[in-house]
Amino acid sequence: MAVIEISKLTKHFGKIHAVDGLCLKIDEGEVFGLLGPNGAGKTTTIKMLATLLAPTSGRATVNGFDIAKSPSKVRQSIGIVFQEPSSDELLSGYENLKLHSMIYGLPGGLVEKRIDDALALVELSDRRNDLVKTYSGGMRRRLEIARGLLHQPKVLFLDEPTLGLDPRGRKTMWGYVKRLVAELNMTILLTTHYMEEADELAGRICVIDNGKAVAVDSPGALKAKVGGDLVTITSSPLPDLKSLTKLKFVRGAEMTDGRLLITVSDAAANLQELLAKIGKVECVEVRSPTLNDVFIKFTGRELEQAEGGWFDKIVQQSVNKQ
Amino acid sequence: MKDDSRMAHPSALKGAYAVWWRETTVFFREPPRIISAVVSPIIWLVIFGAGLGESVRIGGESYQQFIFGGVLVQTFLFSSLFYGAYLVWDRKIDVLKAVLVSPLSRSSIFLGKVLGGVTISLIESVIVLLVGAMIGMQYSPATFFIVLGLVALASAGLTALGLIVGSYMESPEGFQLLGSLVLFPMFFLSGALFPISNLTGPLGLVAALNPVTYIVDLLRGALSGVYYLDPAVDAVAFIGFIILANVAGVLAFERMKS
């Protein structure tokens with residue numbers, strides 16, 4: 001059963017087509033990833049689905065409710081964790097959750113237990129009575145998750161849940177998300193520009209670029225579309241490309257940065273023959289395709305040029321500064 | 001596919017209470033806010049009231065007694081309007097977004113905010129009234145409560161006005177402008193510090209259109225029994241302003257962008 005149905009959803013900001021005719025169906029209990037570079041239209045999509053932003057055209061339903069016609073019903077059905085932490089700094093972690101439970105009309109008898117459980121899940125029980133302004137960036141993000149699931153919504157939106165977290169914090173966060181799905185059968189729509197994150201969490205992925213869906217499938221199927229394993233060869237002189245592509249297990253070969261990148265079906269079985277054909281080589285690297293290769297295949301560009309670079313550092317600094 | 005079992009079912013009043021609870025809890029955690037709100041009126045009363053009072057008397061009462069009502073209005077005028085406009089800060093730190101994406105209706109959020117502003121005004125006014133009594137301002141215990149009732153009503157109107165401003169503002173940089181373009185003229189041309197009955201021309205017109213004029217006259221009248229305007233006119237303008245500001249406030253919240 002589709003819990004989220006998106007049909008030709010479009011949002012223009014002036015001349016910029018942030019989201020351009022997006023169509024998706026997301027099933028109950030699914031973790032669905034929107035994967036794309038910064039500015040691809042992921043957050044804009046989530047904001048429209050959460051009724052924070054009106055679409056320019058197209059329609060979408062969440063839990064059966066139309067986002068344009070019944071926005072308050074949609075808001076009753078969802079939880080959302082924003083990119084920027086939105087908890088109140090002058091309230092404690094516990095008080096933030098208490099406030100949230102009142103706003104969402106949680107029955108009084110459930111409140112304390114839910115808060116205890118949510119704080120335990122994100123491992124903040126021992127800091128429950130400290131003001132949020134004393135929390136680290138990672139703790140604030142965990143509190144956001146606790147808040148998003150407090151009313152146990154049918155659908156949870158996670159917008160870049162691990163942006164600005166260190167690798168350990170990221171792994172911890174992935175653990176929480178997996179438990180949410182396992183224990184509460186939530187449908188989760190997750191945006192990320194980290195390929196490992198999409199690979200680790202999502203059952204299906206929509207690769208999104210310039211507001212358009214370029215591919216939708218499971219991570220495994222997407223990677224299979226790359227066409228096989230990737231063999232990178234450094235040698236001088238470089239062998240003749242044409243003679244290589246005549247081999248029946250070679251799916252493609254191209255030169256990049258003075259190296260030879262060959263797509264090979266079943267590299268384990270065919271590497272010997274390939275190398276014999278090429279002759280003397282300086283260096284051979286064999287690997288399975290990643291989602292980055294998927295992104296390159298569909299868009300001709302690298303997905304994560306920014307990761308670990310200046311952009312992440314700036315984001316990290318701004319998150320830590322708060 | 002619709003599934004009601006896992007939908008939130010918020011109540012409008014509980015939601016308004018939640019917003020009010022947040023506002024007041026946060027208020028008590030920022031001592032500078034309460035201090036700055038009451039210190040400046042008290043300084044006016046003590047230094048200006050006593051100092052200028054040496055050479056000025058107005059309408060048979062001492063100058064200090066004359067400005068007591070005005071200074072009380074100053075207290076909650078500034079705190080109500082700035083409190084409302086502070087909405088833009090909630091927006092900047094993303095606290096507002098979390099509330100706006102909740103199923104709570106905009107009018108519930110507005111009601112909670114207004115009640116928060118009223119509570120804060122009441123707390124500050126109590127302090128100013130007590131300090132006033134300590135330095136010799138005279139009023140009866142019954143007057144104390146009548147005045148607080150008027151403060152609550154007036155603050156509901158002024159907070160709503162501040163919230164309207166805040167809902168249109170995009171960044172906190174406009175605060176300075178709000179102070180010098182709106183608040184100070186509203187305060188100075190209200191009769192709080194000098195009678196406005198002698199003002200003519202544009203200044204007189206501004207004073208007559210200024211809702212604070214009627215708030216000041218009603219409060220001063222309640223405190224000392226001396227009215228400078230017709231109390232019936234005061235009352236109509238007072239009630240009219242509160243209703244208008246709150247209706248406009250709810251509408252502004254309904255159309256406010258997330």
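Buried means under 20% relative accessible area, exposed over 50%, and partly exposed in between, with a 1.4 Å probe and protein chains only. At 2% relative accessibility, Phe27(B) therefore counts as buried, whereas Phe28(B), at 53%, counts as exposed.

A word on the source: this is a predicted model, where local features need pLDDT of at least 70, side-chain atom pairs count only at pLDDT 80 or more, and totals for chains, interfaces and linings use all residues. Residues are numbered from 1 along each chain as its sequence is written, chains are lettered from A and ligands numbered from 1 in the order in which they are written, and side-chain values use heavy atoms, leaving out hydrogens and water.

Now to the rings. Over all chains, the structure holds 15 aromatic pairs. Rings of Phe, Tyr and Trp (its six-membered ring) pair if their centres lie within 6.5 Å; planes under 30 degrees apart count as stacked, over 60 as edge-to-face and the rest as tilted. Here are two of these pairs:

| Pair | Centre to centre | Angle of planes | Class |
|---|---|---|---|
| Phe27(B) and Phe28(B) | 5.5 Å | 70° | edge-to-face |
| Phe66(B) and Tyr228(B) | 5.5 Å | 85° | edge-to-face |

Phe66(B) lies in helix H3 (residues 63-85) of chain B and Tyr228(B) in the loop between helix H10 (211-224) and helix H11 (231-255) of chain B, so their pair ties together parts 162 residues apart in sequence. Helices here are DSSP runs (H or I, at least four residues), numbered from the N terminus. Phe66(B) is buried, at 0% relative accessible area, while Tyr228(B) is partly exposed at 26%. Both belong to a cluster linked by ring pairs, whose members include Trp44(B), Phe48(B) and Tyr63(B).

Note on methods
Helix = DSSP H or I, 4+ residues; strand = E, 2+ residues; numbered from the N terminus.
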